[in-house]
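Dear colleague,

I am handing over a structure that you have not worked with before. Please open it first, and then read the notes below.

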Amino acid sequence: MFSSLSDIQRDIVFNKTGKCVVRACPGSGKTYTLAARLAHKIRNWEKKHQGVAVLSFTNIAKDEIINQLYSQWGIKIGYPHFV
């Protein structure tokens with residue numbers, strides 16, 4: 001699934017560290033990119049009692065991130081992570 005990412009999206013998913021804010025026009029793949037970044041982080045997560053918190057301005061985006069995590073990468077979000 002990561003193979004469909006553009007070079008810019010790959011940079012966001014694999015190379016950025018720390019907090020991440022993605023600003024782009026509607027339909028550009030922001031939600032998909034953030035879901036891919038989250039999937040990559042969760043797959044490589046080693047801390048048992050610390051997690052990733054994802055904040056969104058809309059419930060629609062939150063639901064889409066959760067949906068994409070499950071449909072694209074088979075990940076069900078749960079403790080210690082939160083969307």
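Helices (H or I, at least four residues) and strands (E, at least two) are taken as DSSP runs and numbered from the N terminus. The place of Thr33, for instance, is in helix H2. The model is a predicted one, in which local features need pLDDT of at least 70 and side-chain atom pairs count only at pLDDT 80 or more, while totals for chains, interfaces and linings use all residues. Residues are numbered from 1 along each chain as its sequence is written, and side-chain values use heavy atoms, with hydrogens and water left out.

Contact here means heavy atoms within 4.5 Å. Not counting residues up to four places away in sequence, Thr33 touches Gln9, Ile12 and Val13. With the same exclusion of residues up to four places away in sequence, Gln9 touches Ser4, Ser28, Gly29, Tyr32 and Thr33.

How the helices pack

At what angle do H1 and H2 cross? Their axes come within 8 Å and cross at roughly 30 degrees (axes are lines fitted to C-alpha atoms, for helices over the stretch in contact, and angles run from 0 to 180 degrees between N-to-C directions). H1 and H2 are therefore roughly parallel to each other (angles under 35 degrees count as roughly parallel, over 145 as roughly antiparallel, 65 to 115 as roughly perpendicular and the rest as oblique). On the H1 side the contact is made by Gln9, Ile12, Val13 and Phe14, and on the H2 side by Tyr32, Thr33, Ala36, Arg37 and His40.

H2 and H3 have their axes 9 Å apart and pack at an angle of about 55 degrees. H2 is therefore oblique to H3. Residues that make this contact include Ala35, Leu38 and Arg43 of H2 and Ile65, Leu69 and Trp73 of H3. The crossing of H2 past H3 is right-handed.

The nonpolar core

The largest nonpolar core has 16 residues, and Phe2, Leu38 and Trp73 have the most contacts inside it (such a core is a set of buried Ala, Val, Leu, Ile, Met, Phe, Trp, Tyr and Cys residues joined through side-chain atoms within 4.5 Å). Helix H2 (30–43) and helix H3 (59–73) each supply at least two residues of this core. H2 gives the most to this core, with six residues. Leaving aside neighbours within four places in sequence, Phe2 is in contact with Arg10, Val13, Phe14, Ala36, Ala39, His40, Arg43 and Trp73.

Lys30 is found in helix H2. Its relative accessible area is 24%, so Lys30 is partly exposed. A polar atom of the Lys30 side chain lies 3.0 Å from the backbone oxygen of Cys25. Lys30 and Ala61 are 31 residues apart along the chain, and their C-alpha atoms are separated by 9.6 Å.

Lys48 lies in the loop between H2 and H3. Lys48 is exposed, because its relative accessible area is 68%. Not counting residues up to four places away in sequence, Lys48 touches Tyr79 and Pro80. Pro80, in the segment after H3, is joined to Tyr79 by a cis peptide bond with omega about 10 degrees. Lys48 and Pro80 are 32 residues apart in sequence and 7.3 Å apart in space, C-alpha to C-alpha.

Lys19 is found in the loop between H1 and H2. At 84% relative accessibility, Lys19 counts as exposed.

With kind regards

Note on methods:
Buried < 20%, exposed > 50% of the residue type's maximum accessible area, 1.4 Å probe, protein only. Left-handed = near helix turned anticlockwise from the far one by under 90°. Polar contact = N/O pair within 3.5 Å; in protein donor to acceptor, adjacent residues only side chain to side chain.
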